[in-house]
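Dear colleague,

I am handing over the structure below, and my notes on its two ligand sites follow. Please read them beside the coordinates.

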Amino acid sequence: MSEKWLTGTVIENRPWTETLFSLRVEGAPLKYQAGQFVRIALDINGERVARAFSFVNPPQDPVLEFYGVIVPEGPLSPRLAKLKSGDALHVAGNPAGFLVLSEVPDAETLWLISTGTGLAPFLSILRTETPWRRFRNVVLVHAVRHARELTYQDLIRSTRARYVTFVSREQAAGSLAGRIPAAIADGRLETAAGVKLAPESSQVMLCGNPQMLKDVAAALVVRGLRKHRRRAPGHITVESFW
Ligand SMILES: Cc1cc2nc3c(=O)[nH]c(=O)nc-3n(C[C@H](O)[C@H](O)[C@H](O)COP(=O)(O)OP(=O)(O)OC[C@H]3O[C@@H](n4cnc5c(N)ncnc54)[C@H](O)[C@@H]3O)c2cc1C
Ligand SMILES: NC(=O)c1ccc[n+]([C@@H]2O[C@H](COP(=O)([O-])OP(=O)(O)OC[C@H]3O[C@@H](n4cnc5c(N)ncnc54)[C@H](OP(=O)(O)O)[C@@H]3O)[C@@H](O)[C@H]2O)c1
């Protein structure tokens, strides 16, 4: 069966740093849930090169937004970063993914934990009504190498989320140092968020670097949380970016 593609038009390419960018795309109407992703593509040397990207915008917003990092040796991301207003972007017709609140059991506190561009799906989720209706506390954690990579701060601060940041490769006032798993183990993450991270009260969604997913999940297991599965409900729902 041939895949269905839509062709949208880039209306903005916002550079945040020399490697981080956000694309806004119109003219590709799709149905999906906040937290899902879709494949976006460019035709390069006669071949369609497609990669998964999470929606940043909430589903009710008809302009699609994607948040990317340039992987210098990657075939697609450096080209996406160069797109200009008016350029075409192909968008697959079949959004997918399980990093969605409809897969997550109820709890007192929802933890949304990300590294790098793994922030993207949580920006979509934060701009829907569901987290605020279902969870008393929502904590957004964003870990980056450098403080300038703490993007979308105004948007995040406009929500009611408790916002905790990590900067790992320089000193940054207002951010925790080091990596998330260590801060779970020694209690710094809970202190910064002002809520407990315990199996009785918490659901955790993780997105980004695959090794971070493993290391954070291991730190959470020590705390008594376990992977969530439809048939064996738990507390941890993950999406790996590579
Ligand atoms: C479900 C899903 C959702 C995704 N959503 C996003 C998104 O919203 N934003 C986004 O930038 N990427 C996202 N990705 C990654 C994206 O699909 C591409 O892999 C990425 O844009 C690089 O594409 P490329 O063709 O340049 O290099 P690729 O050949 O795809 O990747 C080369 C290498 O780059 C590294 N890499 C890939 N993606 C990232 C990343 N995001 N951050 C740091 N290192 C990376 C990995 O080491 C990977 O092996 C997602 C991936 C999956 C599976
Ligand atoms: N960010 C940049 O400056 C930059 C520049 C050029 C290209 N890129 C491209 O983007 C890729 C990486 O991008 P990125 O910086 O967004 O993502 P990243 O390497 O995943 O780093 C983001 C954050 O996740 C942390 N992290 C990494 N592994 C972890 C683990 N196992 N457990 C917990 N935390 C972990 C990092 O801490 P540590 O710092 O301790 O690793 C950092 O704070 C590179 O491979 C490169 O292709 C990035």
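A polar backbone atom of Ser54 lies 3.1 Å from an oxygen atom of ligand 1, which is a polar contact in the sense used here (a pair of N or O atoms within 3.5 Å; within protein, one must be able to donate a hydrogen and the other to accept it, and residues adjacent in sequence count only if both atoms are side-chain atoms). An oxygen atom of ligand 1 is also 2.9 Å from a backbone N or O atom of Leu76, and a polar side-chain atom of Trp242 lies 3.2 Å from an oxygen atom of ligand 1. Of the 860 Å² of accessible area that ligand 1 has on its own, the protein covers 76% (areas by the Shrake-Rupley method with a 1.4 Å probe; for residues, only the protein chains shown count as cover).

This is a predicted model, in which local features need pLDDT of at least 70 and side-chain atom pairs count only at pLDDT 80 or more, while totals for chains, interfaces and linings use all residues. Residues are numbered from 1 along each chain as its sequence is written, chains are lettered from A and ligands numbered from 1 in the order in which they are written, and side-chain values use heavy atoms, with hydrogens and water left out.

Around ligand 1 there are 20 residues, of which Arg51, Ala52, Tyr67, Ser77 and Thr117 come nearest (a residue is near if one of its heavy atoms lies within 4 Å). That shell divides into twelve nonpolar, six polar and two charged residues (Ala, Val, Leu, Ile, Met, Phe, Trp, Tyr, Cys and Pro count as nonpolar, Asp, Glu, Lys and Arg as charged, and the others, Gly among them, as polar). Strand S4 (47-54) is one of the elements that supply at least two residues each, and S4 gives the largest share, four residues (helices, H or I with at least four residues, and strands, E with at least two, are DSSP runs numbered from the N terminus).

Turning to ligand 2, its shell holds 21 residues, with Arg145, Ser168, Arg169, Arg179 and Asn209 the closest. A polar side-chain atom of Arg169 lies 2.6 Å from an oxygen atom of ligand 2, and an N or O atom in the side chain of Asn209 is 2.8 Å from an oxygen atom of this ligand. The protein covers 80% of the 870 Å² of accessible area that ligand 2 has on its own.

Best regards
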